[in-house]
Amino acid sequence: MRQILFIPLIFLLIASPAAALTTSDCFDCHSDEDLTKTVAGTEMSLYVDENVFNQSIHGDMDCTDCHEDLMDAEDEHEESLEAVQCGNCHDDFMEAMEQGVHSPDVARVKTDLPTCASCHGKHDILPADNVRSSIYDLKVPNTCCQCHGSEDVASRHPGIEFDVCSEYEAGMHGIVLIKSGVIFSAVCNDCHGSHDILSAQDPSSRVSHNNVNNTCGTCHAGIVETYNSSIHGKLFREGTGEAPTCPSCHGNHRVDRAMDDEFLVSVTDRCSGCHPEEADTFRDTYHGQVTGMGYAQAAQCPNCHGAHDILPREDPSSKIHPANLVETCRACHPGAGTNFTMYMPHADYHDASRYPYLYYLYLAMVILLSGVFTFFGIHTLLWFLRAQKEEKSKRA
Amino acid sequence: MRFIYYHRFLHALIITSFLGLVLTGMPLKYSETGWAQTLANYLGGIQTAGFIHRVCGVITFLYFFLHIFYALYYVIRLREEPFFKWLFGPNSMVPWIKDLEDVVGHIRWFLGKGERPKFDRFTYWEKFDYFAVFWGVGIIGISGLFLWFPVFFSKFLPGWVFNVAIILHSDEALLAAGFIFTIHFFNTHLRPEKFPLDDVIFTGRITEEELMHERPLEYKRLVEKGKLESIRTTPPTKTLRIWSRIIGFTAYGVGLIMILFIVYSALREIH
């Protein structure tokens, strides 16, 4: 009997100083929901939900695998622990992080710097394909918007766009993801990457001028293929930096649906950035006027020129090549013939050298109007003065 | 009685369709301005405005042809003088030498250099208004049809006629609106003798004193031929007067607003 009691005692004496805290030791204390500590005057919960931890991707690991500084701790330990070094295992991700905009080296306000836990959680980390994970596709925008949708954070980072979240929600990618719940809509990391996010100004960024088309093309492959064969694609390959890329016309965070009236009536504005003269002359025409007032059914740039497949007039496949014009006009004006295509959709009657007849017609109209208004203006004024006098003398 | 019911009815059609056309057309001409969008929204959006514009266009053609029919009927059946005597006489709208003399005489009177010319049934500015409508409906109407049915007209006309048509349509419309809302309003209604409104076109009736003073030659002729009594009628009823005012002042209001918009937009364009 004595011996039986003695064995555990010896075991305790010999084994306990050398043995680390086991996970169950930790939960002896940390499963207490009321366990807290006070840091700089604020109370912090030290509770860890054992069930959640066990179901997390790290559920099979021990607490001290991550909290390494507690490896040698007794059951009572220091209140402040060293930061967990995820990079000890996930060194590839850590390295990627250090290259990107979330690297501590470039952070302007250290306290705003996201840590692994900011996106992945702590004791509750779940793999990306788990619907409850904070990096599950449906949740990614929420996760990023903790900072990128926060006015508080924005106030400390002048120059960084902080309307990206509301813009994203208003755009097609956001609507499809959030309203329609479609999981394969683009979320933040689909375009920006995750650990190695780079500024759009950085040439190796996924959203830089050079790479953004391919990034969009990972989903919109067919469109990028068409674009590549267009004049804009050719210009892009020439690499002068002047070619429009997908976001030049579609925007970035807020990508509107191209079939929507709101998008359609704004097309001229989108093209006018590079083609101001063409946009101006178009706006003076009937098509330009009615679309300018929100009538989306009338022709705008793409109706005649195409969208992703724009080609110069000389190209036989161009929508405005003389051989194709009848067909192009017929898209809106069924029955239109060759005569119809003699309409000048960009005619500028202010331009005497290119459109002399229209210019002189306009000039004649100006002369007619000025003539009539000058004559009758003076006539009316004189009449008024005379009639006033007559009325006065009649009364007097 | 100066204007029979038929004439007053046609003028009412002109007022309604003209105001409708200006209200729905000008926003397009000045589509880049904010007021244009606001006005189009009040009219039910640009698509509805376009519909109203076409309806008013049809009314315009309607009154135009109704008048042509009347004019032919007048020439063939109602005319009391030989054709050429009528054509260049006081009962025709055709401008003739007397009108030219009246222009000069009127201006001399403005400047205090002579007596006021003695006008007849139709004064030179009334004849100008009349032919301005002919010219306007012709140019604006035809160019409007071109723009409404481009595919049809392109079957026998080259496409650049639509470039021409939009210039004509737009600038003629500016001329018409500007003229009616300032010159016509003043000459006919707002000048001190008539202020605030000459309701003869609505009531059809003019007083004997006014006729005597305004159109002494016509008055004299009527008296000489003993016709004055045949056109004598009852004074306009109170209801007719009130309606004349309502219609007249509404037209003033719309005209004034549109003139302000046009002037504002034109000034903006210059800048």
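**A tour from helix α14(A) to chain B**

Select α14(A): its buried residues pack against α13 (221–228) of chain A. Packing here rests on contacts (C-beta atoms, placed from the backbone, within 7 Å). Helices (H or I, at least four residues) and strands (E, at least two) are DSSP runs, numbered from the N terminus.

This is a predicted model: local features need pLDDT of at least 70, side-chain atom pairs count only at pLDDT 80 or more, and totals for chains, interfaces and linings use all residues. Residues are numbered from 1 along each chain as its sequence is written, while chains are lettered from A and ligands numbered from 1 in the order in which they are written.

Stay on α14(A), residues 231–238. Pick His232(A), Gly233(A) and Phe236(A), which are buried. Buried means 20 or more other C-beta atoms within 10 Å of the residue's own; exposed means 12 or fewer; partly exposed lies in between, with C-beta atoms placed from the backbone.

Now look down the helix axis.

Step just past the helix: Gly239(A) has a positive phi of about 70°.

Next, select chain B. Its 13 helices come with zero strands. The C-alpha trace spans about 60 × 40 × 40 Å along its principal axes. Of the 271 residues in chain B, 30% are buried. Finally, take contacts in chain B between residues at least 6 apart in sequence: 71% join residues at least 24 apart.

Key: Two residues are in contact if their C-beta atoms, placed from the backbone, lie within 7 Å.
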